[in-house]
Amino acid sequence: MIALAAAAALLAHASFANAASVEVLAGAPVALHAAPLDAPRGIAAGRDGAVYFTEGASVRVLRADGTLATLPGRFIAPAGLALGPDGTLFVADAGNHVVKAISAAGEVRTVAGHAGTAGKGDGKGILAGFNQPAGLALEASGSLLVADAGNRALRRIAGNGVVSTVAQHLPLQPQGVAIDRRGGIIVHDAAMALRIDNRGAWQELLAPAATHAAPGPAAAAADGCVRGKCLRRYHAPSMPLTPRAAAQLPSGQMAADPQGRLLATVPATGSIYRIERNGMIAPLLGAGDVTGELSGAAVDGDGNLHLLLAERLAAASWNARGEPQPLPLQYAASLNRDGPALQARFGDISRLAVGRDGGLYVLDGDQLRRLDKDGMVRTLQQEGGFRKLREGQAAAQVDLHGFMAARPSTGVFVTANGALAGVSTEGMISFVSGPPGMAPEQTGFAPALRRIWAYVAQDAEPFVLTGLGRHGIAADANGQAWYCADNVLWRIRPRGVARKIALQGADGCGDVLVAPSDAVYMLHGHYLTRVGSDGHQLLAAGSRERKGASDGAGLMARFRRITHAVADAQNNLYLLDDGILRRMSADSEVSTEDQDLFAAVGKLRALAVDRKGVLYLATERTILRMKP
């Protein structure tokens with residue numbers, strides 16, 4: 001659909017080391033590991049591309065090959081990191097009031113501070129005291145600077161282990177520390193940054209007047225961005241203003257990697273982001289799309305100092321000579337925006353369907369959207385409704401129920417306003433079918449035809465179909481729509497004639513799936529059945545009594561909760577079982593597809609398959625394509 005190579009700079013971080021067969025097609029960039037982290041704070045970058053970070057009571061590393069590992073050492077609440085030229089990693093353990101070091105060989109030692117006891121006195125090694133030490137930075141001399149948050153002080157640990165106080169009684173609890181090329185020491189929290197000279201005197205680095213308020217509609221218009229059609233380009237992180245007195249969570253920290261990119265931790269959301277040199281912010285680790293809760297100070301290899309203060313909505317940068325320079329940040333400040341696939345944003349993807357022409361339809365919350373073959377995402381609804389078939393005008397409010405199926409002709413079937421509607425590629429209501437659920441005298445070909453003609457020719461309201469929206473709908477190769485309600489399986493032909501099959505047994509209704517072989521399946525949570533022409537349901541896979549996650553031949557397999565299913569041209573079924581992709585072959589053998597996919601991208605929420613067997617998957621905000 002699009003040339004992903006053109007977006008390599010944006011998606012370089014999303015190489016899916018453990019799921020190499022998957023690529024991002026549209027929406028928010030995906031982190032290398034989507035599971036949320038436990039309040040990451042400290043961060044450091046190695047020359048070999050490794051990223052070191054603190055998480056909970058551990059120090060971890062993201063290696064250049066995308067794998068994660070936990071470093072040795074026992075910590076309570078590590079909060080700051082600094083990497084030495086010999087590979088030694090220094091760790092500020094705020095919960096234990098000490099600074100430790102992990103050698104390249106994995107040996108752990110205490111550098112300074114008395115374990116378990118808060119203090120503020122200077123001295124050598126364990127004779128010195130710290131109170132919740134946080135950020136760290138290494139000076140060229142080999143001394144280690146410590147942001148001593150609990151003491152509101154900046155401390156220095158010399159190469160011989162002697163601790164001294166550089167500055168105290170600071171107007172903030174310093175969370176991070178950086179050193180600029182002119183010898184100044186920058187300390188910060190989420191709302192303020194200070195520059196401290198070699199005499200210990202400090203001044204506020206970024207005056208309040210330099211902060212940037214979150215742009216409103218006027219700013220968006222000045223940026224040339226039409227609402228809903230492009231991404232706004234903000235010059236500061238977007239985050240609701242938080243009174244400093246009410247801010248209890250520690251701020252994040254930043255570091256620069258060898259390529260000049262910035263790495264930022266966000267303890268509140270359990271995420272780590274990477275800011276490319278062009279200002280594009282993308283998630284590296286953790287769940288969710290890009291947020292504006294970024295704080296930190298870092299100096300890159302060219303000597304540029306970068307500063308983000310979340311509570312002040314501030315972003316600033318200075319070159320090595322101390323001269324201000326722009327720091328343009330680009331990210332999705334809001335969801336549900338149309339535009340080029342990798343810039344578009346989704347908010348709540350629940351269904352996917354591939355159209356006959358290869359376009360991908362997306363149910364995104366209460367909106368129907370489409371990813372065209374040229375790589376553009378557009379919303380098919382206008383002002384909450386679709387256009388009428390004959391006049392091309394905005395129709396009445398259309399409330400989507402959350403179910404969709406591709407039509408063999410063009411467009412998709414959707415359930416909306418109690419009706420089954422066909423929506424074209426241009427967002428026009430082209431067909432409303434079937435009279436199921438009506439009184440007996442209203443069923444049959446003639447009443448259905450009259451109602452359809454009334455709707456198409458006279459813009460009458462769609463007739464209500466009882467039970468729509470409870471279970472998923474399906475479409476077969478003949479253009480018939482299928483759905484189940486009130487223990488009746490309905491088959492609606494293209495001209496609106498409805499036929500019903502009364503279901504037998506206690507299984508009842510479920511989401512419907514029709515395979516190319518015309519086999520009709522019903523999804524029942526932890527098992528699926530095949531529906532016979534007489535309405536009897538035969539168990540096809542899983543167990544009516546037991547749940548689980550085991551693979552095997554049909555009835556021996558176990559499922560937790562099947563939410564979505566599609567069939568390819570070879571009658572293989574692909575299932576989403578509690579967010580994990582599984583496959584049932586044409587001979588009923590069940591297997592779990594790509595064991596590492598869940599760990600790489602998180603829980604899956606929708607899937608679709610095209611005629612060539614290419615599988616499309618979706619998380620809440622991202623559409624993925626699985627290479628065949």
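The model contains 27 salt bridges, a salt bridge being a side-chain nitrogen of Lys or Arg within 4 Å of a carboxyl oxygen of Asp or Glu. This is a predicted model, in which local features need pLDDT of at least 70 and side-chain atom pairs count only at pLDDT 80 or more, while totals for chains, interfaces and linings use all residues. Residues are numbered from 1 along each chain as its sequence is written, and side-chain values use heavy atoms, with hydrogens and water left out.

**Salt bridges**

| Pair | N to O distance |
|---|---|
| Asp 148 and Arg 155 | 2.7 Å |
| Arg 277 and Asp 302 | 3.5 Å |
| Arg 561 and Asp 578 | 3.9 Å |

Both Asp 148 and Arg 155 are buried; buried means under 20% relative accessible area, exposed over 50%, and partly exposed in between, with a 1.4 Å probe and protein chains only. Arg 561 is partly exposed at 45%, as is Asp 578 at 24%. Shared partners also join Asp 357, Arg 370, Asp 372, Arg 378 and Glu 426 into one network of salt bridges.

The strand names are DSSP runs (E, at least two residues), numbered from the N terminus.

**An open sheet**

An open sheet is formed by five strands in the order β27-β31-β30-β29-β28, with antiparallel pairing; two strands pair if DSSP finds at least two bridges between them. At the edges, β27 (339-340) and β28 each pair on one side only. Two bridges connect β27 to β31 (residues 376-379), and Gly 339 stands opposite Val 377 of β31.

**The second largest pocket**

The second largest pocket holds about 1100 Å³ of space. A pocket is an open set of points on a 1 Å grid, where a 1.4 Å probe fits, with protein on both sides within 12 Å along at least five of seven lines; lining residues have an atom within 4 Å of a point. The volume is the space filled by probe spheres set on the points. Among the 42 lining residues, Val 354, Ala 406, Ala 475, Ala 567 and Val 609 are the closest to the centre. Strand β45 gives the largest share of the lining, five residues.

Methods:
Helices (H or I, at least four residues) and strands (E, at least two) are DSSP runs, numbered from the N terminus.
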